[in-house]
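User: I am new to this structure. Please show me how to read its features, one at a time.

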Amino acid sequence: MLIYSCLTIKSLGQGGLALKEKVMLHIEAYQLVEGQKEHLVSLDTVGFAYEDQDFLYLEYEETELIGVKGTTTQICLPFLDNKKVIIKRIGSSSMNQVYVKGEKYQTSYLTPYGEMSVELLPSMVNVLKTDTYIKITLSYDLVVSSQYVGQHQLNIEAKLNVTV
């Protein structure tokens, strides 16, 4: 039921959501090969945080460095479940991802270059929230177009109540 609420938002910034607050985001994505980080990509950017009755949302614009330019990423954190993370991408590329430890999730990734099937199997989903800080750690096996890509990790840190 909570997944449905997050994944069917008509458009960003609508639907009775609270005012957006600026946040500083640090995002790291990499592949783990024999316990070592490879293909590390990181991004520091300004985004927004807001909430409704069920979710805390983090939102930022992707760049070519980490994603597809022209795409907005929305991270949905259910208030009642610190073991679930939902990531929605909207714009030039689109995809919905649901991370729950041990639960396989299949989706389609639509890009300007075509569509790919994506399968995630999270082995770790950790969310730490305080009044001024959010830390998300996702570790997962990734399969793209039926080919195993490897074990990946995504770390997201958000500092709330910032002036930029």
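Analyst: Start with a strand pair. Strand 7 and strand 8 run antiparallel and are joined by seven bridges. Strands pair if DSSP finds at least two bridges between them. Helices (H or I, at least four residues) and strands (E, at least two) are DSSP runs, numbered from the N terminus. This is a predicted model: local features need pLDDT of at least 70, side-chain atom pairs count only at pLDDT 80 or more, and totals for chains, interfaces and linings use all residues. Residues are numbered from 1 along each chain as its sequence is written, and side-chain values use heavy atoms, with hydrogens and water left out.

User: How many bridges join strand 8 to strand 9?

Analyst: Eleven, and these two strands also run antiparallel. Strand 8 covers residues 114-129. Take V127 as one case: its bridge partner in strand 9 is I136.

User: What is the order of the strands in the sheet?

Analyst: The order is 6-5-4-3-2-1-10-9-8-7, in an open sheet of ten strands with antiparallel pairing. Strand 6 (95-100) and strand 7 (105-111) stand at the edges. Each has a single partner strand, so one side of each is left without a neighbour in the sheet. From one strand to the next, the twist averages 30°. Axes here are lines fitted to C-alpha atoms, for helices over the stretch in contact, and angles run from 0 to 180 degrees between N-to-C directions.

User: How do side chains sit on a strand?

Analyst: In a regular strand they alternate between the two faces of the sheet.

User: Which residues have the most contacts inside the largest nonpolar core?

Analyst: First, the idea. A nonpolar core is a set of buried Ala, Val, Leu, Ile, Met, Phe, Trp, Tyr and Cys residues joined through side-chain atoms within 4.5 Å. Buried means under 20% relative accessible area, exposed over 50%, partly exposed in between (1.4 Å probe, protein chains only). Here the largest core has 29 residues, and I75, V85, I136 and L138 have the most contacts inside it. Strand 9 (residues 133-144) gives the most to this core, with five residues. A second, separate core has seven residues, including F55, C76, V98 and V100.

User: What is I75 in contact with?

Analyst: Contact means heavy atoms within 4.5 Å. Leaving aside neighbours within four places in sequence, the partners of I75 include L56, Y57, L58, V85, I136 and I156.

User: How many salt bridges does the structure hold?

Analyst: Side chains of opposite charge can pair when their charged atoms come close. A salt bridge is a side-chain nitrogen of Lys or Arg within 4 Å of a carboxyl oxygen of Asp or Glu. This structure holds three. In one of them, E59 pairs with K20, with the closest N and O atoms 3.0 Å apart. E59 lies in strand 3 (residues 55-61) and K20 in the loop between helix 1 (2-7) and strand 1 (21-33), so the pair ties together parts that are 39 residues apart in sequence.

User: Is E59 buried or exposed?

Analyst: E59 is buried, at 6% relative accessibility. K20 is partly exposed, at 37%.

User: Which residue does E62 meet in a salt bridge?

Analyst: R89, at 2.5 Å, N to O. E62 lies in the loop between strand 3 and strand 4 (71-78), and R89 in strand 5 (residues 84-91), so the pair ties together parts 27 residues apart in sequence. E62 is buried at 6%, and R89 is buried at 11%.
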